[in-house]
Amino acid sequence: MLETFKKALKVKEIRKRLLYTFFILIVVRLGCQIPIPFVNGDAIAQVMRNFANENFSFFSAITGGSMEKMSIFALNITPYITASIIMQLLTIAIPKLDELQKDGEEGRKKIAEVTRYLTVALALIESTAMIIGFGNQGIFDTDAVKYSAMHDIRKWGVIVTGILAMTAGSAVLMWIGEQITEKGVGNGISIVLTINIISGMPSDIANLVFKEGMSIGGRLLSACVILGVIVGIIVLVVILQGAIRKIAVQMSQKVQGRRQVGGQQSNIPLKVNTAGVIPIIFASSLLQFPVVIASFFGKSPEWSHYLSQSYWCNPSNIKYSIGFVVYLLLVIFFAYFYTSITFNPREVAKNLNDRGGFIPGIRSGKPTVEYLTNILNYIILIGAIGLIIVAVIPILASGIFGAQVGFGGTSIIIIVGVILETLETIKSMVTEKNYSTIKGIF
């Protein structure tokens with residue numbers, strides 16, 4: 001990793017891209033500290049105490065703590081992530097979008113444009129709900145904090161200003177992500193998401209290590225345990241992200257003139273963790289959505305405890321762990337669901353047959369589809385179990401030992417995945433530059 005980075009810094013063009021990315025990320029972090037107009041800092045601190053627990057920990061992590069400050073980047077890139085997932089699902093359901101997806105670069109540009117409009121629409125809806133919901137709890141430094149008198153012009157000014165600020169902030173971050181992709185290194189949206197998560201990790205670790213009432217020995221032991229757990233999770237994530245099942249493929253020989261061509265061996269690489277971190281995000285979002293809505297109205301009913309990770313695996317209230325079991329089942333379900341819409345064994349078998357290829361020992365057509373489906377179902381289960389192991393370690397630590405962790409296995413999966421992807425991008429850029437240099441010499 002360090003060797004790749006050193007080589008990249010020696011190439012002027014790549015060095016400029018790295019510096020551009022670095023300074024843009026500084027702008028992102030500065031924007032996360034700027035509150036929207038009329039916000040009362042003390043009121044925000046009081047209302048946002050909910051974000052200290054596991055109900056909102058993941059949402060707080062991916063927004064880089066901007067939600068707790070009600071900054072202009074409070075929504076961050078969550079509307080864009082949601083819009084991208086929705087577009088992926090619609091691509092399967094709507095034939096016209098599927099045709100655009102297969103229509104090369106032009107088709108992908110049109111889908112990206114629709115995704116941008118959908119992002120702004122979702123940001124507008126989410127910001128409206130948050131401004132009204134949190135505003136009713138008195139977060140604005142104005143006498144228009146209650147929305148019962150609908151004729152109050154000043155009140156509407158506060159509402160509209162807050163909604164526009166949050167929506168614009170989300171749109172700007174989407175644009176920044178695209179600029180990083182175009183002029184920087186790696187996938188811009190993923191890098192913004194990663195830097196947000198990383199920004200909150202030092203304070204979370206410090207809160208665990210320097211917990212009140214702990215002795216020096218206890219703090220040292222706590223630091224060693226936390227470090228060991230983080231390293232262990234990272235190792236598991238690296239193994240999970242890099243695990244691939246290769247299916248051997250034999251290409252048929254063809255006669256051209258007096259010679260035979262083709263016949264080479266290849267393989268179909270199937271990632272064990274095909275769905276990535278999407279199953280965990282889907283499962284967490286589905287369970288936390290009712291809790292978030294209830295929190296907007298300042299309520300925390302008992303039923304919400306079943307859906308909140310902070311109450312799971314607690315020996316004194318084991319009944320709430322029913323939600324934990326539902327969470328595990330949802331992760332497995334979404335792993336199969338998301339993979340089924342992103343990888344089509346029937347289409348792979350058809351493409352293989354059209355190119356004159358076949359899997360040794362398996363007939364073309366339906367037998368190939370069944371073989372690929374069986375293999376896929378097997379590795380999806382392994383990948384889902386791997387995701388569950390990584391995700392539940394912080395949940396178990398929180399429930400059994402009472403350690404409130406602001407980041408979890410999901411966050412580490414995202415960080416490791418993005419870092420590995422970005423390093424591969426830098427490595428390919430260095431290789432391409434060296435190849436161009438050698439080609440220019442000769």
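Student: What is the strand order in the open sheet of three strands?
Tutor: This is a predicted model. In it, the order is E4-E1-E5, with antiparallel pairing.

Student: What makes E4 and E5 edge strands?
Tutor: Each pairs on one side only. E4 covers residues 265–271, and E5 covers 357–358.

Student: How do you know that E1 and E5 count as a pair?
Tutor: Pairing needs at least two bridges between the strands. E1, residues 244–251, and E5 are joined by two bridges in the antiparallel sense. Therefore they pair.

Student: Which residue stands opposite glutamine 250?
Tutor: Phenylalanine 358 in E5.

Student: Why is isoleucine 26 called partly exposed?
Tutor: Its relative accessibility is 35%. Buried means under 20%, and exposed means over 50%. The value lies in between, so isoleucine 26 is partly exposed.

Student: Where is isoleucine 26, and which surface patch includes it?
Tutor: Isoleucine 26 is in helix H2. The patch is nonpolar and consists of Leu19, Phe22, Phe23, Ile26 and Leu30. Together they have about 510 Å² of accessible area. A patch residue needs over 30% relative accessible area. Ile26, at 35%, passes that cut-off.

Student: Which other residue has a positive phi although it is not a glycine?
Tutor: Asparagine 76, at about 55 degrees. Asparagine 76 lies in the loop between helix H4 (57–62) and helix H5 (78–93).

Student: Why does asparagine 76 count as buried?
Tutor: Its relative accessibility is 0%. The cut-off for buried is under 20%, so asparagine 76 is buried.

Student: Why is phenylalanine 38 called partly exposed?
Tutor: Its relative accessible area is 42%. That value falls between the 20% and 50% limits, so phenylalanine 38 is partly exposed.

Student: Which elements have the lowest and the highest mean pLDDT?
Tutor: Strand E3, residues 259–262, has the lowest, at 54. Helix H2, residues 12–31, has the highest, at 89. Over residues 144–151 the pLDDT is below 50.

Student: What is the average pLDDT of the protein?
Tutor: The average is 77, and 81% of the residues score at least 70.

Terms used. Residues are numbered from 1 along each chain as its sequence is written. This is a predicted model: local features need pLDDT of at least 70, side-chain atom pairs count only at pLDDT 80 or more; totals for chains, interfaces and linings use all residues. Side-chain values use heavy atoms; hydrogens and water are left out. Helices (H or I, at least four residues) and strands (E, at least two) are DSSP runs, numbered from the N terminus. pLDDT is the predictor's confidence in each residue, from 0 to 100. Contact means heavy atoms within 4.5 Å. Patches are made of residues with over 30% relative accessible area and no salt bridge: like charges are joined within 9 Å, nonpolar side chains (Val, Leu, Ile, Met, Phe, Trp, Tyr) within 5 Å. Accessible areas come from the Shrake-Rupley method with a 1.4 Å probe; for residues, only the protein chains shown count as cover. A salt bridge is a side-chain nitrogen of Lys or Arg within 4 Å of a carboxyl oxygen of Asp or Glu. Buried means under 20% relative accessible area, exposed over 50%, partly exposed in between (1.4 Å probe, protein chains only).
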